[in-house]
Structures are given as structure tokens and as C-alpha cells.
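Please look through the model below. The report that follows takes up selected helices, ring pairs and a charged contact.

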Amino acid sequence: MEARAGRLSGGLRASGAYLLTGSLAGVNAAIPGYPIFAAQALRYTLATIVLAAACWVQRRRHPLDGPKIRLTRRLVLLLGLQATVGVTGFNYCTAEAVRHTGAATVGTVIAAVPVVLAIAGPLAARGRPAPRVIAAAVLVAAGAAVVTGLGGSNLPGLLLALGALVAEVSFTLVAMPLLPVFGPLRASAWVSACSVPVLFALAFATGGGDAVPAPSAGQAAAIAYLAVVVCAGGFYLLYSALPRLGADRVGLFAGLVPFGAMGAELLLGAGTIGPADVAGAVLVAAGVAAGAGARAPGQGRTGQRKKKDTAAAPQQSRTRTGAPRA
């Protein structure tokens, strides 16, 4: 029962994270002409402030909760990968790919995220991919591809879209070793903070002295939404879902990204729902339901023995691992 509740909680968090990520495309339309790196730099600066405040509140309420962080070379390298590849690389590749080849092709390529994570996630954890999860991921990817469509492509656009795919997979996999050390909230704050200097450096390198112009009211509102809701909220939801489900099952929910974009367009009055959207939704729902309910390797007959071993472990060791509280 407890494991089922954990999977349900993880599924809801992963759904929220990817739906928010999908809404990014619709909201980005509100900041046309504003420098991309400047917008991202402002967005992650504000997100870092929000996340740092949340960490301060959590520390005041639970002063003994969570491990003390000691930065090692490995942690610095992982945080650097998240900031450069997972955050900056994804945002840059996505924006530039849309300019070269269109949103349909980019969405179709990124729809392969569930399949890649279904295979790469267990391998990164030194396990074996579950055939049922891989089959479910194929369904999810097919549904997302149906929604986004299969637009025309060219080589630069396709390469940039593949770059966005690699960055998204990297963002999820690299988070796995960070979470036991930081927990989901502090991991979100650290990754966001590490991204800020990278984005500001790129903003000034590409835009010169006027790299960060004052945004208009509409642009400021869009950047604030992307910072507080998509970045701060999405980071925390994704990072708290990963320990509950694992990278392979969390990846299934990436199929919800097109529906987040579609919902944002509907709210902004810029989109409609067609037959392809309904067909894609059915495929995504079937894939998520089939994969999220699959048993992880090692469950089943040996599950009770493992549960007893975990219960017998000292309480102190559980605290040292820094398993997320929420």
C-alpha cells in the first residue's frame, strides 16, 4: 500500500512537472524579440531567489532534516553538467531548432525522451531495462509524435533537435546522483543558481553591453511565470518524482509535454483541439498507465524480504542518505 501511494504521488508530481514544461512553448510566444539568453538569465535568477527562500523556510521549520552538504569534485562536475547541458543546452537547442525546422519536428524528436530514458535510466543505475516499460515508452512517444505532427526538416534543425533530446535526457539522469545528497528542494536551488552565471555570460557574449534590456510589462509577466511556476515549481516536482518512480518511469510522463503546450495555447486563445490531439492523448495515457504500473526489478517474491531489510536498517543511516522528506 505504501509503495502504491509513493508511485501515485510520484506520478502526480511527474505529470505536473512535464505539463508545466509543455506550457513553456506557449508562454514563450509572449516574449518575441527579447534576447533568448537574457530572458533565461532573468528567469533563473528569479527562480533561484524563490527556491533559496523555500530552502530557508524549510530549514527554519526542520533544522535537523536533511544532510549537511559537502561539495566534492564529483558534485561540482554534476552541477556543472546540469547548468550547461541540462539547462542552457536544452533551452538554446530548443529555441534555435524551432527557427530552423519548426516546432513539429522538434516536438517529434523530443517525444523520444521516454524511450531513451526507459533504456538509459536502468543502465545508468546498473540495472536492466524492463521490457514492459520500454513498450509503454514507445506508446507514449508515438502519442506525443501524433500530437506534434511530423513537419519538414533540415540537417541543422534536426541536429539541434537531437541536441535538445540529449540535454533533456542528461538533465534527468544527472539528477539521480544529486538527489540523495541535496534532496529535491535544495537540488533545484543549486542547479538553478549554477545556471545563472552561465546564462548571463552567454547573454553578454552574444548581446554586448545592451545584452539585458528592460522587459515590457508583458515580457516581465511571462518571464516571472517561467521562473516561478515552470522553473522553480517544475524543478521541484521532477526532482521529487525521480526517487519515487525512477528515471525510466518518470520519462514516460514526458509524453505530456505536448499537452502542456496545447493547454497553454488554449488558455491564450491561440489553439484548438483536433482528432490528432485526441488520438495522441489516448496513446500517451495507455503508455503511461502500462509503464507506471510495472514492477521495478527485484520486486515480487523478494519484495517483502527487501522491505524487512530496509526496516531493519538503522534510522541514522537513512538520515545520512538525505532521502527527500517530501
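Val-133 sits in helix H6, which covers residues 131-148. The model is predicted. Val-133 has a relative accessibility of 0%, so Val-133 counts as buried; the cut-off for buried is under 20%.

In sequence, 158 residues separate Val-133 and Gly-291. In space, the C-alpha atoms of Val-133 and Gly-291 are 4.6 Å apart.

Helix H7 runs over residues 155-182 and has 28 residues. At 1.5 Å a residue, H7 should span 40 Å. The expected span counts one less than the number of residues.

H7 has a kink of about 40° at Met-176. After H7 comes Gly-183, with a positive phi near 80°.

## Aromatic pairs

How many aromatic pairs does a search of the whole structure find? The search finds 7. In one of them, Phe-182 pairs with Trp-190: the ring centres are 5.5 Å apart and the planes meet at 50°, so the pair is tilted. The tilted class lies between stacked, under 30 degrees, and edge-to-face, over 60.

Trp-190 has 31%, so Trp-190 counts as partly exposed.

A tilted pair is also formed by Phe-235 and Tyr-239. Their centres are 5.9 Å apart, with 35° between the planes. Both residues belong to helix H9, residues 217-245. They are 4 residues apart, about one turn of the helix. Phe-235 and Tyr-239 are both buried. Ring pairs also join Phe-235 and Tyr-239 with Tyr-44 and Phe-171 in a cluster.

## The salt bridge

Side chains of opposite charge can pair when their charged atoms come close. Here the count comes to 1 salt bridge. Which side chains meet in a salt bridge? They are those of Asp-248 and Arg-249, with 3.0 Å from N to O. That distance is within the 4 Å cut-off.

Both partners are classed by their accessibility. Asp-248 has 8% relative accessibility, so Asp-248 counts as buried. Arg-249 has a relative accessible area of 4% and is therefore buried.

Definitions and conventions: Residues are numbered from 1 along each chain as its sequence is written. This is a predicted model: local features need pLDDT of at least 70, side-chain atom pairs count only at pLDDT 80 or more; totals for chains, interfaces and linings use all residues. Side-chain values use heavy atoms; hydrogens and water are left out. Helices (H or I, at least four residues) and strands (E, at least two) are DSSP runs, numbered from the N terminus. The bend at a residue is the angle between axes fitted to the seven residues ending there and the seven starting there. Rings of Phe, Tyr and Trp (its six-membered ring) pair if their centres lie within 6.5 Å; planes under 30 degrees apart count as stacked, over 60 as edge-to-face and the rest as tilted. Buried means under 20% relative accessible area, exposed over 50%, partly exposed in between (1.4 Å probe, protein chains only).
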